[in-house]
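Reader: I'm new to this and would like to get to know a protein by asking about it bit by bit. Can we look at one together?

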Amino acid sequence: MKRILITGGAGFIGSAVVRQYIAETNVTVINVDKLSYCANLDSLGDALHHPRHRLERVDITDRRALERVFRVHRPQAVMHLAAESHVDRSIHGPEAFIHTNVTGTLTLLEVARAYWNELEGEDKTAFRFHHVSTDEVYGDLGPEEPPFTETTPYAPSSPYSASKAASDHLVRAWARTYGLPVVITNCSNNYGPCQFPEKLIPLMILNALDGKPLPLYGRGDNIRDWLYVEDHAHALRLVLSRGRAGETYNIGGRAERRNIDVVHAICDHLDHLQPRPDGQSHRTAIRFVDDRPGHDRRYAIDCSKIERELGWRPQESLDSGLEKTIRWYLDNPQWVERVRSGAYRQWLDLNYAERLAP
Ligand code: NAD
Ligand code: DAU
């Protein structure tokens, strides 16, 4: 494939995928992103001004604009990452999640279908619509239950995961009803450089560096399965180029941890890399706060299908990945400053002021 249209390519995972395509392949990337609050063009690094990178500032709910993008750039595949992605925001305001994740995916599917219908021969059979989704569509697991597989029934808990589940259903329906050649991936929690600091790991790193409290929901014993973002980007590229049309692939890090253990690990790294001025451990800043409503207890992914069929394995351990991530945030204060807009401060007030009130 020479021309791939990527939606959400200025976000956390999308920018890692774009950077890899530009640095490691000859692919031209058409980056469709509306540049919402969490997008950051700095995350694209050298890829931003590369001649094989074309940025299209377009909202995926804007059908006319999408039609123009397909007409002008003639993509051979679509990798769809654009989404509202933060669970806590979906609890405070679900509408935006339905609009982008459901209506936006519907609009993209319809524009892609009309475009694909006009293709012929090898162009038509080789075309792919790759929908990037999440393990949260499967709901949550008890402590002893086996990890999610590709056939685990859907049971989403939050407005975010319900909107992602709805979008997965649309994509499967477009494959079955119209024959659109789709692949779907469902991945566990990502972490790494360039993640917007509303998510657990970057929020804890930046709060610790600022000497602020580290707010853990509930008792901090919810479990997530962590994957380094560059490993996810490799998996996505592999599925797009070699995954079988109509298939779903689960992607995970085989790294289940309680949130408290992740935050302890961050504090321990920071105690070496950036000790607190008062000589105390960063762990002393941990606060247990009101839980997230509907908080999923545990996620874990069985990624044996992608390992077996496509030979993918995560390369980074959680410990080495966390250290790299912390060093990245320490070394990139400009990136951090750029995302700390008034809007980010308003979010911190909305989600944490009451939780952290004395
Ligand atoms: P992100 O929030 O960092 O980035 C989302 C990007 O989409 C941003 O650049 C934003 O500007 C863009 N966008 C949002 N609404 C848009 C619209 N209407 N039109 C065009 N662009 C729009 O998200 P992320 O963490 O990089 O996640 C990317 C995808 O991967 C999402 O679909 C998410 O559901 C999925 N996913 C994320 C994780 C994770 O841990 N972060 C795990 C599994 C799956
Ligand atoms: O599993 C994949 C999903 O992972 C993705 O689909 C989502 O886009 C992504 O945001 C992520 O969802 P989570 O809700 O698991 O991620 P988050 O970083 O928000 O929270 C991780 C865990 O940490 C969760 O159990 C809630 C907890 N948490 C989070 C925040 C922001 C806290 O205890 N305190 C916090 O301040």
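Reader: How many disulfides does a search of the whole structure find?
Author: Keep in mind that we're looking at a predicted model. A disulfide is a covalent bond between the sulfur atoms of two cysteines. Searching the whole structure for such pairs turns up a count of 0.

Reader: Take cysteine 194, then: how far away is the nearest cysteine sulfur?
Author: Two cysteine sulfurs have to be within 2.5 Å to count as a disulfide. Cysteine 194 is in no disulfide, and its nearest cysteine sulfur belongs to cysteine 38, at a distance of 12 Å.

Reader: Is cysteine 194 buried or exposed?
Author: The cut-off for buried is under 20% relative accessible area. Cysteine 194 has a relative accessibility of 7%, so it counts as buried.

Reader: What is the relative accessible area of cysteine 303?
Author: Anything under 20% goes down as buried. Cysteine 303 is buried, and its value is 0%.

Reader: Let's move on to the ligands. Which residues come nearest to ligand 1?
Author: There are 28 residues around ligand 1. The ones that come nearest are Ile13, Asp33, Ser85, Tyr160 and Lys164.

Reader: What is the distance from an oxygen atom of ligand 1 to an N or O atom in the side chain of lysine 164?
Author: Let's go through a few polar contacts. A nitrogen atom of ligand 1 sits 3.0 Å from a polar backbone atom of isoleucine 60. In the side chain of serine 85, an N or O atom is 2.7 Å from an oxygen atom of the ligand. For the side chain of lysine 164, the distance to a ligand oxygen is 2.7 Å.

Reader: How much of the accessible area of ligand 1 does the protein cover?
Author: On its own, ligand 1 has 840 Å² of accessible area. The share of this that the protein covers is 97%.

Reader: Which element gives the most to the shell around ligand 1?
Author: Helix H1 (12-24), strand E5 (128-134), helix H6 (159-178) and strand E7 (189-191) each bring at least two residues to that shell. The one that gives the most, with 3 residues, is E5.

Reader: Now for ligand 2: how far is a polar side-chain atom of aspartate 135 from an oxygen atom of the ligand?
Author: Of the 25 residues around ligand 2, Asp135 is among those that come nearest, along with Tyr160, Arg292, His295 and Tyr352. A polar side-chain atom of aspartate 135 lies from a ligand oxygen at a distance of 2.5 Å.

Reader: What share of the area of ligand 2 does the protein bury?
Author: Glutamate 136 has a side-chain N or O atom 2.7 Å from an oxygen of ligand 2, and tyrosine 217 has a backbone N or O atom 2.8 Å from a ligand oxygen. Alone, ligand 2 exposes 690 Å², and the part the protein buries is 95%.

How values were computed. Residues numbered from 1 in each chain as written. Chains lettered and ligands numbered in written order. Predicted model: local features only at pLDDT ≥ 70, side-chain atom pairs only at ≥ 80, totals over all residues. Heavy atoms only, no water. Near = heavy atom within 4 Å. Polar contact = N/O pair within 3.5 Å; in protein donor to acceptor, adjacent residues only side chain to side chain. Areas by Shrake-Rupley, 256 points an atom, 1.4 Å probe, with all protein chains shown as cover. Helix = DSSP H or I, 4+ residues; strand = E, 2+ residues; numbered from the N terminus. Buried < 20%, exposed > 50% of the residue type's maximum accessible area, 1.4 Å probe, protein only.
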